[in-house]
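Visitor: Give me a close look at one part of this model, please. Keep it brisk.

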Amino acid sequence: MDSFLIGAAQIFTFTTIAYMVAGSIAGIIASAIPGFTVTMAIVLTLPLTFTMEPLQGIAVMLSVYVGGYTGGLISAALLGIPGTPSSVATTFDAFPMARGGEAGRALSLGVWASFFGTVISTIVLIVAAPPLALIAVKLGPWEYFSLIVFALTIVASLVGDSVIRGLIAGLIGLAMSTVGSDPILGRSRFDFGFEMLETGLPFLVVLIGIYAISQLASEVEDSHSVRSGSKLVTGAIDFQTWKVMKEVLSRPVNLIRSSIVGVLIGALPGAGGSIANLVAYDQAKRSSRTPEAFGTGIPDGIVASESGNSATAGGGLIPMIGLGIPGSAVDAILMASLMVHGISVGPRLIMDHSDLVYGMFIAMVVSSFIMLIVAIFSMRLFLRVAEVPKWIIVPVVMVCCVVGAFALHNRISDLYLLGFIGVVGYVLRALGYSLAPLVLGVILGPIAETNLRRALMTDGDPTVFFTRPISLLFLIAAVISIVWAIRTHLKKRKTDERFFDAAAS
Amino acid sequence: MSQSDLDEELALEAGEIARLVSYILFLLIASGMFFAAGDIPTSRFERLGAGAFPQFVFAGIVLICAIAIVLTVPKISAAAYGQFFRFAAKWARKCYLVFLCLAALGLYLVAMPWLGFSLASLIFLFGMQLALLPRSVKSIIIAAIIAVVFSYGLNLLFAEVFTVFLPKGVL
């Protein structure tokens with residue numbers, strides 16, 4: 001109890017709270033710009049924390065982290081471009097909802113879902129950090145590969161209008177992930193003599209090109225609408241704060257399920273928000289009585305994606321606090337900031353520095369409240385983006401995308417890649433390919449390959465995938481998932497045929 | 001069936017032809033890549049080599065594209081093939097701003113190493129806005145201000161606040 005109070009006393013000081021507010025604003029703004037990730041925002045914050053007390057520094061970085069996960073939803077909802085990889089699934093429903101004239105409601109749903117997702121993940125973090133951390137590190141390459149096989153079945157939910165084109169897009173994503181040196185032995189593959197391809201296709205450049213450039217290009221398809229000065233999003237821009245809070249809370253099952261998905265995925269080293277939002281969305285769609293409504297702008301889709309990605313913030317801290325293993329790049333930076341202050345992060349952290357650990361828990365909850373307050377007061381400002389005409393927003397966001405792609409590695413060649421992938425993305429979009437499976441393929445490809453090869457290097461017997469209980473569990477879940485998807489598609493086709501027959505007669 | 005209905009159906013079939021072309025293209029590329037992956041040397045330290053995973057993926061693309069081709073061909077009438085270029089040209093005319101936009105982006109990216117971020121962005125932003133904006137003096141003034149803010153202003157912000165230095169150019 002003493003440690004808890006010491007931690008709380010360090011957080012609830014005017015200076016710390018003021019820094020946290022600034023961190024939250026910085027995180028929201030940085031992630032709202034396509035191409036700027038939460039990780040980049042935290043990296044930029046790290047040097048500023050060196051002069052602070054350890055807990056104060058961590059608290060500021062956590063507020064950037066929590067704010068960043070929320071900021072990604074702004075461009076996802078208003079522009080249809082995921083601000084960060086963790087908000088890809090948010091575009092599926094938040095963007096149609098905003099386009100339908102409810103931009104304020106879409107943002108508000110995302111903010112509240114993020115808030116509750118972070119709070120739920122912190123509760124899980126406090127209660128279950130030690131046992132979950134032990135389970136997470138016991139998973140071997142077999143379990144990871146089986147988990148990725150299960151995650152790949154999400155493609156079935158993201159295929160859009162055509163299963164075939166969705167599958168092709170997913171496989172193209174996996175194929176793109178194989179470009180560059182192989183993840184085990186570093187042998188070069190498919191670089192065709194281009195230096196820029198030697199290290200592989202940078203994921204963020206692919207994401208910006210595929211989603212942002214293609215989306216912006218499709219915005220100017222109707223020349224008449226652009227030249228008449230039409231706005232990106234029309235309709236009410238009312239944030240509807242309290243009404244939407246009730247709307248989010250009226251979906252407790254979706255909210256808790258998505259948050260737990262986020263915590264569990266966040267707790268697995270190497271996974272994170274970019275996968276959690278898609279898995280949470282997929283699970284919400286599968287459990288819904290109206291799965292066909294997903295993608296048309298329904299609240300359930302936004303709640304699932306945003307609570308899922310925000311919950312990874314707490315989930316990622318589980319292996320870090322429990323075992324000293326960073327679950328993601330952001331957690332590694334948080335660890336680095338503690339190490340700068342001479343605090344070694346490992347299994348003894350909770351025993352040697354319990355005030356710091358309790359302080360981190362408190363900082364997570366305080367960060368989510370600060371994010372909520374900042375979001376409520378600043379969203380009206382962000383919603384003004386919706387009033388900007390297309391002839392301004394399209395070129396300006398394109399320049400922001402270029403800056404985001406360049407700032408990643410400071411390489412001009414990434415810009416050429418961005419242009420090329422942008423054109424490919426537009427062509428695929430125009431031909432009716434769903435782009436979400438492609439992005440999923442790019443994310444999961446390297447994890448799948450690494451773990452498949454690692455598993456077979458450890459034990460050449462492939463039956464081990466079926467004899468290890470957790471691995472088998474994931475594989476069974478994958479089979480169930482595929483059978484369910486086939487059943488749903490057949491059912492949908494039958495319904496559509498009946499509808500057309502009725503319309504024809 | 002009226003002429004407009006017929007045209008609409010042919011336009012849909014033209015879309016199917018475009019998709020068919022994409023399936024064939026992906027099938028050919030994936031076949032080539034499958035064999036290229038087979039040439040990647042294997043290792044004595046592991047059961048699967050660096051080329052094995054890509055081969056699984058490319059084989060998957062070949063298989064799915066083959067299925068897609070088989071399913072798509074019967075959907076397209078013979079008349080649609082003859083009309084394909086007419087509909088493709090019609091679509092291209094309708095979407096001419098997209099081509100303009102992507103071409104301008106390409107030029108902007110190619111010119112950036114020479115002109116530097118600020119100047120290249122200024123020209124790109126002002127040019128693009130001029131191409132897209134409704135013609136009025138007020139719009140042109142706004143476009144000029146936006147161009148300056150998001151080129152020189154953005155460069156200044158990144159250099160001074162984030163210490164991220166955008167391309168300077170050689171001119």
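Visitor: In the lining of the second largest pocket, how many residues are nonpolar, how many polar and how many charged?

Guide: The lining has 41 nonpolar residues, three polar and six charged. Here Ala, Val, Leu, Ile, Met, Phe, Trp, Tyr, Cys and Pro count as nonpolar, Asp, Glu, Lys and Arg as charged, and the others, Gly among them, as polar. The model is predicted, so local features need pLDDT of at least 70 and side-chain atom pairs pLDDT 80 or more, while totals for chains, interfaces and linings use all residues. Residues are numbered from 1 along each chain, chains are lettered from A and ligands numbered from 1 as written, and side-chain values use heavy atoms, without hydrogens or water.

Start with the space itself. The second largest pocket holds about 1,600 Å³. (A pocket is an open set of points on a 1 Å grid over the protein atoms alone, where a 1.4 Å probe fits, with protein on both sides within 12 Å along at least five of seven lines; lining residues have an atom within 4 Å of a point.) Its lining counts 50 residues. Nearest the centre are A:V424, A:V427, A:L428, A:L431 and B:F26.

Chain A brings helix 9 (163-177) and helix 20 (412-430), each with at least two lining residues. Chain B does likewise with helix 1 (3-38), helix 2 (52-72), helix 3 (78-94) and helix 4 (96-132). (Helices are DSSP runs of H or I, at least four residues, numbered from the N terminus.) Helix 1 of chain B gives the largest share, 16 residues.

Look along helix 20 of chain A. Its 19 residues should span 27 Å, and its end C-alpha atoms lie 28 Å apart, which agrees. (The expected span is 1.5 Å times one less than the number of residues.) Its buried residues include A:L415, A:L418, A:I421, A:Y426 and A:L428. (Buried means under 20% relative accessible area, with a 1.4 Å probe and protein chains only.) A:L428 is thus both buried and among the residues nearest the pocket centre. Three glycines of helix 20 are buried too: A:G419, A:G422 and A:G425. Just after the helix, A:G432 takes a positive phi of about 85°.

On the chain B side, the domain assignment gives domain 1 (3-94) and domain 2 (96-160). These bounds come from an automatic or database assignment. The C-alpha centres of the two domains lie 36 Å apart.

Notes:
Grid points are joined across faces, edges and corners, and a volume is the space filled by probe spheres set on the points. Buried means under 20% relative accessible area, exposed over 50%, partly exposed in between (1.4 Å probe, protein chains only).
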